[in-house]
Structure formats: structure tokens, C-alpha cells
There are 2 protein chains.
Amino acid sequence: MEHPDLELTLFGPHQQVIAELSRLPQPLAAATSRLVVSDAPLSIAQTSSAAWALRHGQTSSMACMLRSLKDGEAAAGVSAGNTAALVALSRRSLGTLPGVSRPAISTAIPARHGRRCYLLDLGANVDSPAHRLVDFAVMGAAMAQCVDEVALPKVALLNVGAEATKGSASVREADRLLREYPDASAFAYQGYAEGGDLFDGGLDVVVCDGFVGNAVLKASEGLTRMLVERVQMAFESRLSGRLASLLAKPVLRYLKQELNPVRYNGASLLGLQGIVVKSHGGTQAEGFYYAIQRALSEVEHNLPARMAARWQRR
Amino acid sequence: MEHPDLELTLFGPHQQVIAELSRLPQPLAAATSRLVVSDAPLSIAQTSSAAWALRHGQTSSMACMLRSLKDGEAAAGVSAGNTAALVALSRRSLGTLPGVSRPAISTAIPARHGRRCYLLDLGANVDSPAHRLVDFAVMGAAMAQCVDEVALPKVALLNVGAEATKGSASVREADRLLREYPDASAFAYQGYAEGGDLFDGGLDVVVCDGFVGNAVLKASEGLTRMLVERVQMAFESRLSGRLASLLAKPVLRYLKQELNPVRYNGASLLGLQGIVVKSHGGTQAEGFYYAIQRALSEVEHNLPARMAARWQRR
């Protein structure tokens, strides 16, 4: 059993959660001693707006989870629910760090040579002005420093080209602000990056507006699904015979996992006075596993407090 | 030989182009009878701004190519040069279609089940207002109708979620305009799409601001490069022995081609009074081949004239 001292509280309709737990296979059922079930009658639908959640979501599993976090009963919260509702409820319940106006969402994109790159924002903010893009840079860099122990994270700003004349007004203004950023120990600013640089392993943090980050992340997931299908079809149509399929099967099994790099990482809500991780919406147990791992590692590294220090320093 | 009646004019520094042609292997050298070399002393660097190209680029290969297109000597132009310069010079040299304020860049993204989806804009326009997003929809749909003979193209607007409350102000306004679009034979509007829907094969056209489209396209290219590397490494580390590598090699060769779906399609400049196709910048002969194919098929289908009819009809 990993993390034997981990305790988990499950928020949801009591009867339903208990019924689900009772269906677990035997070896897992033994682990339920570390689970506590906390009744929360309401769930927020994926189609609900953030405004609806703020108005009517007080008894939802999400709001109950955030309350236990706020009250210090839990050290971190994980949810696979409606992202907009999670951002809005987290912000109201926990509050943002002093100096941060709005939380951002970030995930670690796997890159070449076993490296990773934090991409943010992934959709909590659209039409981000320049100063907010700078906030994203500070938050992403703090994450890389605290959790991944990168001494001076390499931060870049996503743009449509490397030339200074390109891009939207807010991106060009953010570039100027990042070049003049007063705290030289926060990050090493690398200038503009293009979409392809995300996966090259040369950057620790890439910053963009939430609309762009969301589109890039979801397109990457969709492309990966298609490519995995193509790999499988190539094997099936080109390698016939028992020997071939015997040889191919283990590679194929390995590849299916390996080629799904953006799917299972939890996405962190950054800039809050507390630790909240969004697990992938379409996910099963594995997605929750990675989201809980991410939350644990943020707890171990005391991320919110160390991130708060960044805003005090400048 | 494909397209035996195709004639190609190469624009560039005369001596240099002739020297390159003389180095072609024998079977290709025979085909040079269909090539004409037209001297253009200047080339526009990838780092030059569009403004620089407009001011100083008159003798560039790009401007010379566009002049021959304008004068009716060529039916279509292909370039692998600086995209911003190509858009700016094309717009000045050829002019846009009546009703279109700025050209857009579009490419066919390969999707599931052997289908394709036109994505636009890819970077000619950043911070696109709602009416320009509507122009993109009309242009993309005209492309799918004329070139791919899709009777009523399914058009969607890229957003951060399917809910009506989400997205930037310009995207929500464009959604309203597209729902009310007067010409019902132009396209079937499907509402919002997310990044992952691009590759699913259910849409013919996806519309977004050029900043977003550029980031999505370049990230897809970068991700593909990384995944191809991983497939190769998985084979090399998991299948040892001669028999295994014998079996794996043809699959791997096939996959390398198959897994590079976004790389080789030419990108069309739409909304111009002429046909201009951008070949991939980092490309060799194969990229030019596909860009020329794309240009030929736009010539055959008389794309600009049929696209112009769309604006007259509404």
C-alpha cells in the first residue's frame, strides 16, 4: 500500500458512495479502513455554469470538500467535477493568495528526454491581460521550484512566432513586463515560445491565456487518441500471424500507456490559499490516483505558503 | 509523371537555382523541361517583419511570384517562406475578395476514419473580432464545398467548453452571428467545439482566432514528433533480436509516415483574389509536393471565384 498514513474523505450522496464501496473487489475493500464518507446530497452537473454553482451549490460534494479544506480538516482537495464551478467555488471558499486576483489551472505536460513542462492557464481565465500572464509565469515558476526543485525555472510566453513584432497586444506587453521582472531569482525568462516547444524538453513553464492553453491541451489529447488508434491499426494490418502478434502485443500494451502522456496528470489550481487538484473529467481510478499523487506532493512541499512568498518578495 | 501538363516557374536568385537544378539526380533532371527559372535576387528572411517585407521586398522571390500570379502568368503560387510576409504581400499584390477584409490561413487536419477537418485561422489574424470569425467560417465552408465536395459542411467554433456561458466575448458574439447566418446553404453550424473534436472526424471546419489555431497546429506537430520518437524507442528497447527487428521495421517505416499527419499538408491563404499556398517551412521536397497538389486542386475547382460568390449571396 502506498502512503500508508494517507486518509481520504469521500464527499457525495452517502447511500450511493457506500453502495459503490461495497462493490469493490476484496483486496481493495480491505483498504476502505482509510476512507471516510461524508454526505453531500447535491452534485454539480458538467453543464452547470459557475454562476449557478455559486448560487445553488452550497450542499454539493464540491462545496463540502472545499469547506473541509478551509476548516483545516483536509490538507488538499481533489475533484473530477465541473472545472468552472471548481474554480469559482475554490476562489470563494479558500480565497486567493495576497496579490493574486484569480486562480489559474496548470498541468505538467510530458516532454522529451523524460522532462516536463508546466502549461498555464488551461481555461480558468480567458482574454487575460498582460499582468495576469505575468502572474501565471510567477505561479508556474514557483511550482517548478517548489515541487520539482528546479533552481531557476526557464519560463517562456506562448506566441505565434519568435519575432518581437508578432502576437497580440497583451502578449507583447507581458513580454516587456517579464523582461523587466524585478525578482531575478523567480525565473529565467526565455522570451517567446511556439506551440511545438512545449514538448521539446527545453522549458519548465510555458505561459498563455486560458483559451489558448485549453485548446492546446484538448487538441493534444484528441491527437493522441487518434495516433494510438493508428499505431494499433498499423500493427493489426501489417503484422499478421501468431508469432508477429506475440511479439507485437507487449510493445503495443506498453505504447498505449506511453502514448497517452497528457491524459492522466492532475491539473493544479494555483494561486489559492489551499491545495486543489482537478482530476481529468473522463477518467477512471487511474486519473484519481495521479491527481491524489499531485495533491500529496504539493502538500509535502507546502506549495501555497511558498508561492505566497513570491508575491511578498517583489 | 503526375500532371504532365503542369508547368512550374521557380523564383529565386538565378545562378543559385540553376546550380541546384544541375545537382538533381538523372531521372529528375529529365523533368526540368517543365521548369522555368525566373530571377529574383532578394529573399525575405524568416525573421523579417511583414512591414519590412512590404517596404523592401519588391525584388524578393515572393513578390515576383505574386506579380506573375497577379498578371495571370501563373494560376497559383506556392511558397515555403516567411508566413507574415506572404500574407502581407499577397494581400497587397492580389487584393482580398469583395467583402473580406483580411485573408486567413487554413490547413486540412487529418481526422479519424480517413476524414479531414479545415482549421482556420492559423496565424494571419490575432485578436479576431466576432465578424472576422464568421468570415473564417464562410471561407472554410466554401473550401470544403468546392474542393472536397461536401454538400453542407459542418462548421463549429472552437471554445473552452460546450456551454453557452463559456468563452471570450468575441467567441460568444460569433456564436450568435453564426446561429443567425442568413445563407442556410453555406454551412450547417454545429455550435462550440473543443480542441479534441478537431481529430474526431465529425466536423468539416473548425474556426478560431489565429493565435489559438497557430498554437494548436504547432503543438500538434511538436507532440507528433515526440510520440514518433517514443514509438521508435519502444520498438528498440522491447523488441531485440534479428527476427523482431525484421518484423518491426516495415511497421515502423509505415508508422513514421502515418504518425506525421499534420506536417505535410499545404496551408491555403483564403479570401484572396488568387490562389496562394504556404508550404511547411521546415520541409523538403515532400512538403512542396503536397502544397503544389493543394494549389492544383484549388485551381481545378476555381476556388477564389466560387468563394467570392458566398459574399455576394448574403
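How many residue pairs are in polar contact across the interface of chain B and chain A? The rule finds eight, with both residues of each pair at pLDDT 80 or more; a polar contact is a pair of N or O atoms within 3.5 Å, where within protein one must be able to donate a hydrogen and the other to accept it, and residues adjacent in sequence count only if both atoms are side-chain atoms.

The model is predicted: local features need pLDDT of at least 70 and side-chain atom pairs count only at pLDDT 80 or more, while totals for chains, interfaces and linings use all residues. Residues are numbered from 1 along each chain as its sequence is written, chains are lettered from A and ligands numbered from 1 in the order in which they are written, and side-chain values use heavy atoms, with hydrogens and water left out.

**The interface**

Please select α7 (169-179), α8 (210-238) and α9 (242-258) of chain B, each of which supplies at least two residues of the side that touches chain A. Helices (H or I, at least four residues) and strands (E, at least two) are DSSP runs, numbered from the N terminus. The largest share of this side, 21 residues, comes from α8(B). The contact (heavy atoms within 4.5 Å) takes 56 residues from chain B and 56 residues from chain A. About 5,000 Å² is buried between the chains, 72% of it from carbon and sulfur atoms; buried area is the accessible area (1.4 Å probe) that two parts lose on being put together, summed over both.

Next, select K218(A) and E194(B), whose side chains meet in a salt bridge at 2.2 Å, N to O. The rule, a side-chain nitrogen of Lys or Arg within 4 Å of a carboxyl oxygen of Asp or Glu, finds four salt bridges across this interface.

**The sheet of chain B**

Now turn to the open sheet of eight strands in chain B, with the order β3-β10-β9-β4-β5-β8-β6-β7 and mixed pairing. Strands β3 (77-79) and β7 (188-193) of chain B stand at the edges with a single partner each, so one side of each lacks a neighbour in the sheet; two strands pair if DSSP finds at least two bridges between them. Inspect β5 (116-120) and β8 (205-207) of chain B, which pair in the parallel sense over three bridges. There, L119(B) has V206(B) as its bridge partner.

**The sheet of chain A**

Finally, select β5 (116-120) and β8 (205-207) of chain A, which run parallel and are joined by three bridges. Here L120(A) stands opposite V207(A).
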